[in-house]
Structure formats: C-alpha cells, structure tokens
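The following exercises treat the contact between two chains. Each task is followed by a worked solution.

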Protein chains: 2
Amino acid sequence: MLVLALDLTSREKALEIVEKTRDFVDAVKVNYPIVLSCGIEIVKELSEIKRVIADFKIADIPYTSSLIAEIAFKNGANAVISHGFVGRDVLEEIMKVAENYDGKVYVVTELTNEGAREFMGQFARKIAEIAKEVGCHGLIAPATKPERVREVREVAKNLEILSPGIGAQKGKLEEIAKYVDGIIVGRSIYNADNPKEAARKIKEEFEKAKLTS
Amino acid sequence: MLVLALDLTSREKALEIVEKTRDFVDAVKVNYPIVLSCGIEIVKELSEIKRVIADFKIADIPYTSSLIAEIAFKNGANAVISHGFVGRDVLEEIMKVAENYDGKVYVVTELTNEGAREFMGQFARKIAEIAKEVGCHGLIAPATKPERVREVREVAKNLEILSPGIGAQKGKLEEIAKYVDGIIVGRSIYNADNPKEAARKIKEEFEKAKLTS
C-alpha cells in the first residue's frame, strides 16, 4: 500500500499531484498545513478521488479530540491519525466517532524526528498495545527507526502498520518492508519531475522489498 | 490573567461571547474544532478584539510543526500551544517561527484528562525544563492535577503558567492559584446565562485566590 503524503499548502498543486499519481497511490494523507490553508473542504474534494487519511495528529482531551475526528469524517475522510501518548481515554472517544462513520483510526507510536526519542520512543510498544486493546485499525511507525518498527510489529499482531520517513527523511525500504503494510511518501513523489513515474517506481520497489525481505 | 477557551464551533456565538466578556478576559484560546469549522479567518477576526492563543496542540515533526505555527501567527495569533512530548527539536523549530512574529509559545506539560497520566504525567517536569531551555514563553499545566502544577512551578521558575480544568472539569482554584499566572476557562463562561458576569466573577475569584493562597 502506497500512501501519498500531501505536505503542500496549495489546493491546485495537491489536486494535480493526486490526479497524476492516482493509478499507483492507494490513499492520500493530508495534514494541518494544507487544511488550514485551503479549508476543510479540501478533504471532501480529495475524497472524491482517493481515500483520505486526515493526519491531524490528534492530541487533545477526549471531548475535543472526538470533535476533531467528527469534523474529519463528516468531511469525507476515510481515516484519522491520532497520537497515542495522550492516553487510552482519547483513543476510546475517537473510536466511538469512527464507528459511526465506518472510519479508521491510526495511532502514532512515535514520530520520525530525533526529538521523539526523548519521550515517545520508550512507549512505542505500550502505545501499540493500547491501540490494539481499544480496537484501532492501525499504527503509524517511523521508517527512520527500523528497530522500533520491528518491535511495534511484534505487539501489533494483525494491526495495519503504515510507515513514513522513506526517501527525503532517509528511512530505508529494505529495513522495514517486511514489518509494514504500507509506506507513506511525500516529497519523493510530489517534488519529482514526473510524479506518476516516481509513484509507480516507489510502489514497485516496496512490493519487491516485501517479497524479498 | 483570565483566558477564555472558545470551545465552540459557531463563528457567531464565538464573536458574541468575546464581545460580551471582553472587559474581563485577557485573551481568547481557540482550538481546532472552531478553526476547522469556521476557517482560519476566525483567528484574524478574533485577534482584532482580543489577543488569540492558537491552541493547536502542535505535535508533528519539526518542519510540519513550524508550518502550523507560521499559519497561526500569520493569521494574527499572539501565541501558539505546542506539545512538549514530541521533543525538543519541535519546540526549537516553532520558536524560530514565533520569533519572526514576536509571538509566544506555550508548551503543554500534561493534559487534564485521566489518560494523560499514563505517559505524559511522568514527564511533566522534564517537559517544563526543556521548554525553559528552549526559551518558550510559558507552560500549560492541568488544574485537575494540582500536585503537578506545583511540581511544574518549581522547575518553571519565571515561565508563565496557564492552567485549564477549573469549573466543568472540577479543578479547584484555591489549590492551584498560587502556582499559576492565569487560568483557562470555557464552559463556565460561555454556557452561563450571563457570560459577562460569569467572567467577571471568575476573574475576581482567581485574583482573590492568588492573594490568599
């Protein structure tokens, strides 16, 4: 599974890239910079072309978190991304909303940045366990830290794992492919001279890496 | 200092409450539900009446976090709220943006929900230290956990501390007043029959509690 991270702020560019890459991309991931710049309507618009994962890194108290999830699903998102470090009660509230929309909830076990090692890193495993217990659909685990992806896969069992950090952030496909169900790629696709070809190639490389690793 | 938490999704209601309470409120705090519902323009509109704290609980990788802060400040926010849990590098990037706008950065040491005790609670002190080292302006610490507010004050030294959780969330003013510079209050004001009188009374009680505690 290839998820296109639309880390852009222009509506036109976003729609253009999604149109160009649609044959090789399984879902698109939007985050706050594009949604704040273009308005929440961009989620609806993109959802008419591809499944949309609203990467809102939800990290608020349960009630506010449920409102954020509600807005995402109501506007056509197929899934939301929440943080796990804010606690089990937050994930439970978000799941209640997701169930009303037949939507999915992915939980971040740890971000790809170095600073995430300070706190989140030591809880990646525990966060994965909680996400599983609460019934969330999947996890987001950093390709920049392959040892952690392996560790998270051990406890995640059948949960879906999506992994960002391949390419511009230096994560290596061959180190994580066997542990994950999908990769999240942004710059290597939308900054390519030929985004369609870039998406095709990355998807092919991922599938090959899964078979041979 | 009294901060009004505008946990609403209606632009008209938000503007009405801010107008009614402006004599007793020092700043308004907006979060994602209202901004996603009304568009980022609501920040600009409110900032023409009162200082606005963009409570975006920023919790992404450094680059994305800096983009979110940039959008908030560009639209008139006086301050942003970031999580500290995501690591020092995130706070450093956000601070660079804040400095360009002469804006403030508040860092959440721990949320008010019970689930926040699972992970964030044990790091509240450490997060406060990092926020101080990075040069952030202040901290957000939960009135529902007075023992933690006291602990955070010890390390925060001269950093400003704002505390949510009084009122509807059952935090007690007399237990935290002496440790904090301001309180963040939402429902007890905007759901009151007379929001102006509610704001006046809460502000007076806070000031009295600070003097007597």
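**Exercise 1.** How much area do chain B and chain A bury between them, and what share of it is on carbon and sulfur atoms?

Solution. The model is predicted: local features need pLDDT of at least 70, side-chain atom pairs count only at pLDDT 80 or more, and totals for chains, interfaces and linings use all residues. Residues are numbered from 1 along each chain as its sequence is written, chains are lettered from A in the order in which they are written, and side-chain values use heavy atoms, with hydrogens and water left out.
Step 1: buried area is the accessible area (1.4 Å probe) that two parts lose on being put together, summed over both. Step 2: for chain B and chain A this comes to about 3,200 Å², with 71% on carbon and sulfur atoms. Step 3: on the chain B side, B:Leu36, B:Phe85 and B:Phe119 lose the most area to chain A, together 22% of what that side buries.

**Exercise 2.** State how many residues each chain brings to the contact.

Solution. With contact taken as heavy atoms within 4.5 Å, chain A gives 40 residues and chain B gives 40 residues.

**Exercise 3.** Count the salt bridges between chain B and chain A, and describe one.

Solution. Step 1: the criterion is a side-chain nitrogen of Lys or Arg within 4 Å of a carboxyl oxygen of Asp or Glu. Step 2: the count between chain B and chain A is two. Step 3: one of these salt bridges joins A:Lys57 to B:Asp60, with the closest N and O atoms 2.9 Å apart.
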